[in-house]
Amino acid sequence: MLKTFIRYAFFIITSAILIIFFINFLLTLHTLKAQQFNTFYTKSEQVIHTLETNQEELSIIQANLDEDYLTRAKAAAYIFETQQDVTKNVKEMRYLAKLLNVDELHVIDENGIIVSASISRYVGFDMSAHAQSRAFLPLLDSDDEDAYFIQEAQPNAADKKIMKYIGVSRKDNKGIVQVGFKPTRQLEAESRNTYEYIFSRFPTDADEELFAVDRNTGDILGHSSGIERTFDDEYYQPAQLLDCTKGAYKKDKSGKIMYVAVREYNDILICFALPLQVLLNQILKHVLRTLFYLLLVEAIVILLLNYLVKQKVVNGIHQIMEDLSAITNGNLDTTVTVGGNREMEALSDGINTMVKSIISISDRISTIIQISGIPLAAFEYKLGRQHVFVTSGLKELLNLPDGKAKELYQNSLLFDRYICDLTDRPLKGETDIFKISNDKYVRIHMSEASGTHLGVITDISKDMLEKQKMLYENTHDALTGLYKYACFKQKSSEILQKMLFGNICAVVMLDLDHFKSINDTYGHDTGDNYLKSFAEVLKSMPEEHFITARRSGDEFCMMIYGCAEHADIISHLDAFYQTLKQRAIALSADTTKIISASGGFSWTSDSGCGIEELLSQADEALYDVKRQTKGQYREYRLPKTGHHP
């Protein structure tokens with residue numbers, strides 16, 4: 001009792017400490033999450049500010065470059081107007097390009113062809129041949145003599161190198177003057193304005209990730225540790241990141257949980273990720289001290305409670321526990337006798353009264369079942385206890401000999417093993433019905449609660465025998481005891497579908513010869529005996545190879561299966577007809593007759609063949625026999641161009 005009390009006290013106090021610890025943990029986690037989110041927000045502000053500053057710088061550089069090189073293009077056009085001979089000499093074109101401080105200088109005629117250039121291999125290039133160069137051709141159609149076009153830096157059509165081109169309309173002749181240069185300063189400014197560049201120089205803490213994701217394409221635009229790797233974790237996907245605007249937990253592909261926060265800027269998701277373990281490590285630093293003081297208080301309280309319970313506990317509880325243990329093990333004759341104080345005496349009397357009541361109830365239940373006349377029995381047992389509670393009539397329902405019943409009732413382990421063996425073999429198609437003998441069936445309902453097994457056994461022999469009789473009548477012909485035709489087709493179809501590869505089977509249709517004349521001459525009773533005698537021959541065939549049925553009247557059918565080759569089918573048919581020839585039937589006091597039957601069969605090795613097809617083919621073979629002769633069988637043959645199924 002003392003240990004139980006201390007255990008429960010320890011459990012309650014520990015639970016309270018854990019609840020306090022958990023609440024403190026959640027509050028600390030919330031505070032740290034808020035701090036991390038604010039830190040991320042501040043860093044994202046710095047990233048955005050850097051981007052905007054770099055963008056302003058890039059815009060200024062681009063505007064200056066555009067204006068500067070537009071002036072140089074116009075200067076080149078002016079020179080060509082005044083000194084047309086320059087365009088005829090590549091060397092002069094190169095010299096002029098050097099004076100203008102441009103990398104390329106082109107003259108384009110009214111047909112869009114480069115007729116002169118500082119790079120000789122460009123002469124003759126058709127500007128309409130590529131989208132990059134084709135963008136300048138609208139200048140040829142412009143009536144504005146001051147028309148110009150400034151193209152963004154991109155790979156050129158000829159060499160795929162990054163160039164920036166500016167074209168102006170010529171005033172002296174219809175055409176275009178184009179200058180090109182490598183936008184080094186612009187490209188350098190653009191490279192500094194990428195998320196990859198900014199994140200590579202942005203300070204981050206250990207295990208912390210800063211990255212940017214294009215919301216529309218899902219591309220990783222930059223990462224604090226570089227982008228030369230795959231980003232297939234869940235928390236890199238835009239669909240998962242959109243619900244992290246206030247901070248959320250996501251898993252990586254290894255199962256590690258990450259705290260992820262996201263801020264959207266111009267369709268770009270600026271993201272922060274930190275392993276949950278890092279947050280937890282920070283939390284532990286805050287809560288371990290609190291946990292230490294709480295555990296110290298718990299230890300002091302437990303020691304005090306242990307001392308008080310030892311001083312105040314009532315003696316005698318162990319004796320009651322021993323007596324109760326004997327009762328629970330099935331010794332219901334045990335009497336609890338513990339004195340010393342009124343409380344223990346009252347408890348002992350209560351236990352003894354309860355045991356007597358249980359015994360009385362079980363006796364009354366058995367008596368009620370006997371009086372009712374219902375073939376019913378019940379049992380209750382718990383593994384580890386010796387005694388098994390059973391009502392009278394159990395051994396009769398289970399056909400148990402007296403000695404066997406006594407042995408099982410006194411040992412719960414043996415009884416459990418017996419019940420398990422019995423319930424492991426239910427009737428086919430049933431879950432709680434079991435066969436005790438050929439004419440006895442029982443239904444067993446069992447349940448288990450807290451290790452106690454309860455069971456009710458009902459005798460349902462009458463119902464099961466009637467059910468089996470009804471099933472037999474539904475599937476068997478009343479006169480001959482053979483399968484009915486519908487049942488035959490079902491079973492034959494199942495055998496055909498399950499036929500092993502390399503095996504063959506055959507369907508045989510049979511018709512009794514001269515049966516109508518026998519019926520008309522000797523009467524229906526004789527005809528019925530004739531049919532039953534034929535059926536007995538069918539039944540005598542080995543069950544592992546034959547299924548037999550009555551189709552209607554004097555028509556019968558059978559399936560021969562489990563054969564390895566065609567000769568096996570012929571052998572079985574020959575054996576059947578040999579048995580038939582030995583069967584003489586008395587038609588009258590002075591007349592006997594050998595049963596004569598004609599047959600036709602069709603065979604197949606294809607398990608996918610339909611049973612109806614085989615029956616139809618066997619019927620056709622039977623009719624061929626009946627038309628030409630009787631008392632024989634014939635195999636179905638396809639037309640000469642066909643093949644056997």
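This is a predicted model: local features need pLDDT of at least 70, side-chain atom pairs count only at pLDDT 80 or more; totals for chains, interfaces and linings use all residues.
1. Residues are numbered from 1 along each chain as its sequence is written, and side-chain values use heavy atoms, with hydrogens and water left out.

2. On length, α14 (residues 461–475) has 15 residues and reaches 21 Å from its first C-alpha to its last, close to the expected 21 Å at 1.5 Å a residue. That expected span is 1.5 Å times one less than the number of residues. Helices here are DSSP runs of H or I with at least four residues, strands are runs of E with at least two, and both are numbered from the N terminus.

3. Helix α15 (residues 485–497) has 13 residues and reaches 18 Å, close to its expected 18 Å. Tyr485, Cys487, Phe488, Ser492 and Leu496 are buried in α15. They cover an arc of only 165° around the axis, which puts them on the same side of α15. Ala486 and Gln497 are the exposed residues on the face turned away.

4. Cysteines next: a search of the whole structure finds 0 disulfides (cysteine sulfur pairs within 2.5 Å). Cys271 is in none, with the nearest cysteine sulfur, that of Cys244, 8.0 Å away. Cys271 counts as buried at 0% relative accessibility. For Cys563, the closest cysteine sulfur is in Cys505 at 8.3 Å, too far for a bond. Cys563 is buried too, with a relative accessible area of 1%.

5. Finally, the lining of the largest cavity: 13 residues, with His106, Ile114, Phe125, Gln132 and Tyr165 nearest its centre. The elements giving two or more residues to this lining are β1 (104–108) and α3 (131–134). A cavity is a set of points on a 1 Å grid over the protein atoms alone where a 1.4 Å probe fits but cannot get out, and lining residues have an atom within 4 Å of a point.

Note on methods: Buried means under 20% relative accessible area, exposed over 50%, partly exposed in between (1.4 Å probe, protein chains only). On a 1 Å grid over the protein atoms alone, a cavity is a set of points where a 1.4 Å probe fits but cannot get out, and a pocket is an open set with protein on both sides within 12 Å along at least five of seven lines; lining residues have an atom within 4 Å of a point. The arc is that of the directions from the helix axis to the C-beta atoms.
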